[in-house]
Amino acid sequence: MVNGSEVITIERFIMEQERLYPEATGELSNLLYDLCLAAKIISRHVRRAGLSDILGAAGAVNVSGDLQQKLDLFANETVRNSVQHTGRVCVTASEEDPEPVPVPPGKAAGKYVVLYDPLDGSMNIDVNVSIGTIFSIHKRVTKKNGTAGLADCLQVGKKQIAAGYILYGSSTMLVYTTGQGVHGFTLDPTIGEFLLSHPDIRTPPVGRYYSVNESNWNRWTPPVQRVVAAFKNGEGTVQPKNARYIGSLVADFHRNLISGGIFLYPAATNYPQGKLRLLYEAAPLAFVVAQAGGRATDGCRPILDIVPASLHQKTPLVIGSKDDVAFAARILSTEAVVGAK
Ligand code: AHG
Ligand code: MN
Ligand code: MN
């Protein structure tokens with residue numbers, strides 16, 4: 001944090017956090033640095049996207065059926081290349097790869113698993129709107145001498161070791177948690193360092209904003225419509241909120257984390273399981289928000305309790321200020337029971 005003389009770089013902060021754990025080997029700290037490097041490289045390309053040949057579609061679609069943008073693929077390679085040669089990681093999995101990617105043969109396989117959305121908000125790249133990268137870190141569960149793979153990736157969110165995101169916004173920020181609170185760092189491009197700017201982030205229990213794509217209104221169930229109407233018009237003790245929706249999950253999430261708010265991507269007739277992916281969008285942000293005093297559910301169940309069945313599994317997502325998420329869950333879970341009868 002730059003307040004007078006004290007400048008705390010992310011490296012120093014991670015080191016000081018590591019000292020709290022005498023048994024720590026430093027591998028997680030180094031993995032977080034590796035992700036910092038990836039963040040700086042991607043940030044450099046994002047900042048120049050309009051000037052270099054990195055805008056536009058790459059001409060293919062990913063396993064979720066999303067049109068891959070050039071920056072999706074660049075970010076995908078950058079994150080993987082920043083972690084897979086270090087001996088700290090055994091396998092990575094990404095929104096942009098159909099299957100998990102074990103470290104190459106001959107390379108040392110470490111004890112960590114990295115799941116990531118390399119570029120979140122892809123459709124906003126070409127129109128200069130904030131985008132992000134989301135990451136989730138688990139510990140390997142398969143035997144060391146075997147080949148790491150899907151079993152190491154399909155882990156329940158509450159077992160995450162660390163999670164966070166990079167937001168390429170008016171500035172580039174890296175926000176992460178290792179279970180000891182949520183801390184935000186802002187990149188000072190003049191020195192190439194992430195500096196502590198938001199120590200121990202806490203999110204207000206009641207939000208100022210609600211974030212949802214209301215063009216899906218007629219595709220939602222009546223309980224979902226009731227929840228969104230309550231945030232728009234007020235209901236009982238819920239006061240009307242301001243609508244803010246950027247279309248980049250990381251940007252909407254971060255604004256709500258800092259100011260207080262609730263983000264919803266409910267199931268809809270065009271997205272029966274919701275649009276967002278559990279392993280590398282919902283679960284990492286659920287870990288972050290829980291560490292900041294917020295909550296995340298699929299409307300009813302805590303996201304961190306959902307056991308994944310497949311790598312690109314989608315989930316409805318309601319995430320943000322804890323009282324707002326609880327209000328939504330009271331309506332969506334009781335009406336789900338009524339609906340089930
Ligand atoms: P991604 O670019 O990684 O596919 O993520 C896009 C997601 C998320 O960032 C955002 O909240 C959501 O798509 C917006 O979806 P709609 O345009 O359907 O509202
Ligand atoms: Mn995404
Ligand atoms: Mn993406």
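This is a predicted model: local features need pLDDT of at least 70, side-chain atom pairs count only at pLDDT 80 or more; totals for chains, interfaces and linings use all residues.
Donors here are N, O and S atoms within 2.8 Å of the metal (3.2 Å for Na, K and Ca); water is not among the atoms, so sites may look incomplete.

Residues are numbered from 1 along each chain as its sequence is written, chains are lettered from A and ligands numbered from 1 in the order in which they are written, and side-chain values use heavy atoms, with hydrogens and water left out.

Now take the other manganese ion. Asp117 (OD), Asp120 (OD) and Glu281 (OE) coordinate the manganese ion (ligand 2) at 1.9 to 2.1 Å. Their spacing in the chain reads D-x2-D-x160-E. Asp117 bridges the manganese ion (ligand 2) and the manganese ion (ligand 3), and the two ions lie 3.7 Å apart. Asp120 sits in strand E5 and Glu281 in helix H7 (residues 278–291), so this pair ties together parts that are 161 residues apart in sequence. Helices (H or I, at least four residues) and strands (E, at least two) are DSSP runs, numbered from the N terminus.

Next, the domains. The protein chain is assigned domain 1 (10–198) and domain 2 (209–340); the bounds come from an automatic or database domain assignment. Their contact takes 48 residues from domain 1 and 31 residues from domain 2, where contact means heavy atoms within 4.5 Å. The C-alpha centres of the two domains are 24 Å apart.

Domain 1 and domain 2 bury about 2800 Å² between them, with 68% of it on carbon and sulfur atoms. Buried area is the accessible area (1.4 Å probe) that two parts lose on being put together, summed over both. Ile134, Leu154 and Tyr165 supply 20% of the area that domain 1 buries against domain 2, more than any other three residues.

Polar links cross this boundary too. Between domain 1 and domain 2 there are 15 residue pairs in polar contact (both at pLDDT 80 or more). A polar contact is a pair of N or O atoms within 3.5 Å; within protein, one must be able to donate a hydrogen and the other to accept it, and residues adjacent in sequence count only if both atoms are side-chain atoms. The domains also share 3 salt bridges, each a side-chain nitrogen of Lys or Arg within 4 Å of a carboxyl oxygen of Asp or Glu. Asp305 and Lys158 form a salt bridge through their side chains (3.5 Å, N to O).

The whole structure holds 16 salt bridges. In one of them, Asp34 pairs with Arg88, with the closest N and O atoms 2.9 Å apart.
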